[in-house]
Every structure is written in structure tokens, then in C-alpha cells.
Amino acid sequence: MNRGTALVGAAALVTGLALTGCSPSGGPELEVSGAFMPQPVSDMAAGFLVVRNLGGATDRLTSVTSSLSDSVTIHETKNQAMRMVTSFEIPAGGELDLERGGNHIMFMDLKKRPRQGDTVALKLHFEKADPITVDVPVKETTYNPKKQ
């Protein structure tokens with residue numbers, strides 16, 4: 001092998017490695033932020049958070065579990081009407097925003113009513129990614145981060 005062929009081969013190898021490092025990952029890479037629960041005033045509560053997908057593949061939030069309730073569901077809000085859904089899409093490079101007045105997590109038949117300052121543990125389950133456990137702070141009943 002001559003020196004020119006070796007240099008071309010080395011350049012091709014370095015270029016290939018550089019492109020691999022810049023390409024998006026093959027699967028979803030999820031992170032959760034902004035989680036909160038307004039202090040409930042009845043035996044129901046709502047939860048809100050943002051799931052960001054930094055990965056190269058779409059995923060879906062398929063369920064939520066918590067020791068606070070045996071009945072935790074996910075709801076979408078369209079035209080000011082709320083309905084339970086089986087999943088929410090989290091697009092590659094995008095996010096799922098569960099917020100007041102919009103899509104959210106619903107806790108029915110609470111086993112105990114958490115108070116402002118408490119933390120509620122919940123586990124988010126996804127179609128592809130491993131579950132994520134989130135400690136959700138309980139805020140005042142009227143808390144809305146968009147108005148802070």
C-alpha cells in the first residue's frame with residue numbers, strides 16, 4: 001500500500017467517524033421538566049409537565065402510575081372538552097407539553113390529598129423508552145407557571 005492510498009483511507013475513516021458523531025441517535029432520548037401538581041381541592045388532581053425528546057425517533061407516553069391513586073389517566077383537551085386518551089406522541093426533536101387548559105395527567109380517587117409543599121412520585125411509561133420516575137412538587141391551587 002502506498003502513502004497516497006493510506007492517506008485517502010485515513011481521511012475516509014475520520015470523515016466517517018465525524019458524520020457518525022453528528023447523526024441523531026437511533027432511539028428516543030427523553031427528559032422531563034417543569035412538573036407540578038396544583039393542591040387538589042377534592043378527591044381528584046391534575047398533573048402537568050413537559051417531556052422533551054432529544055433523540056432521533058418518535059416515542060409515545062402510554063400511561064402514568066402513582067401510589068397516590070390506582071386510577072391515573074392521560075387526557076387531551078380540544079375545544080374546551082376533556083377526554084381520556086391511550087397515548088400522546090412525543091416527536092423526535094420535539095416535546096409533549098402537558099399544561100393547564102390543555103393535555104394533562106388526571107388522578108382519580110386519591111388515596112390521600114397532598115398539600116402544598118408535598119411531593120408526589122409518579123412513573124411515566126413509554127412505548128419505546130424506559131419508564132421515568134418524576135417527583136412532582138405540589139403547588140398552590142391556583143399555580144400557573146405561564147403566569148409567573
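Visitor: Which loop is Asp109 found in?
Guide: Asp109 is in the loop between E8 and strand E9 (119-126). Strands (E, at least two residues) and helices (H or I, at least four) are DSSP runs, numbered from the N terminus. This is a predicted model, where local features need pLDDT of at least 70, side-chain atom pairs count only at pLDDT 80 or more, and totals for chains, interfaces and linings use all residues. Residues are numbered from 1 along each chain as its sequence is written, and side-chain values use heavy atoms, with hydrogens and water left out.

Visitor: What's the phi of Asp109?
Guide: Near 50°, a positive value in a residue other than glycine.

Visitor: Is Asp109 buried or exposed?
Guide: Asp109 counts as exposed, at 55% relative accessibility. The cut-offs for relative accessible area are under 20% for buried and over 50% for exposed, with partly exposed in between (1.4 Å probe, protein chains only).

Visitor: Back to E8. Which strand does E8 pair with, and over how many bridges?
Guide: Strand E8 (residues 104-108) pairs with strand E4 (residues 71-78) in the antiparallel sense, over 5 bridges. Two strands pair if DSSP finds at least two bridges between them. Val72 has Phe107 in E8 as its bridge partner.

Visitor: And how do E4 and E5 pair?
Guide: E4 and strand E5 (residues 81-85) are antiparallel, over 5 bridges. Thr77 stands opposite Met82 in E5.

Visitor: What's in the turn of that hairpin?
Guide: The E4 and E5 hairpin has 2 residues between the strands, and Asn79 takes a positive phi near 50°. Gln80 is also in the loop between E4 and E5. Its phi is positive, about 60°, although Gln80 is not a glycine. Gln80 is exposed, with a relative accessible area of 82%.

Visitor: New topic. How many helices and strands in the chain?
Guide: There is 1 helix and there are 10 strands. The order from the N terminus is α-β-β-β-β-β-β-β-β-β-β.

Visitor: How much of the chain is buried?
Guide: Buried residues are 35% of the 148.
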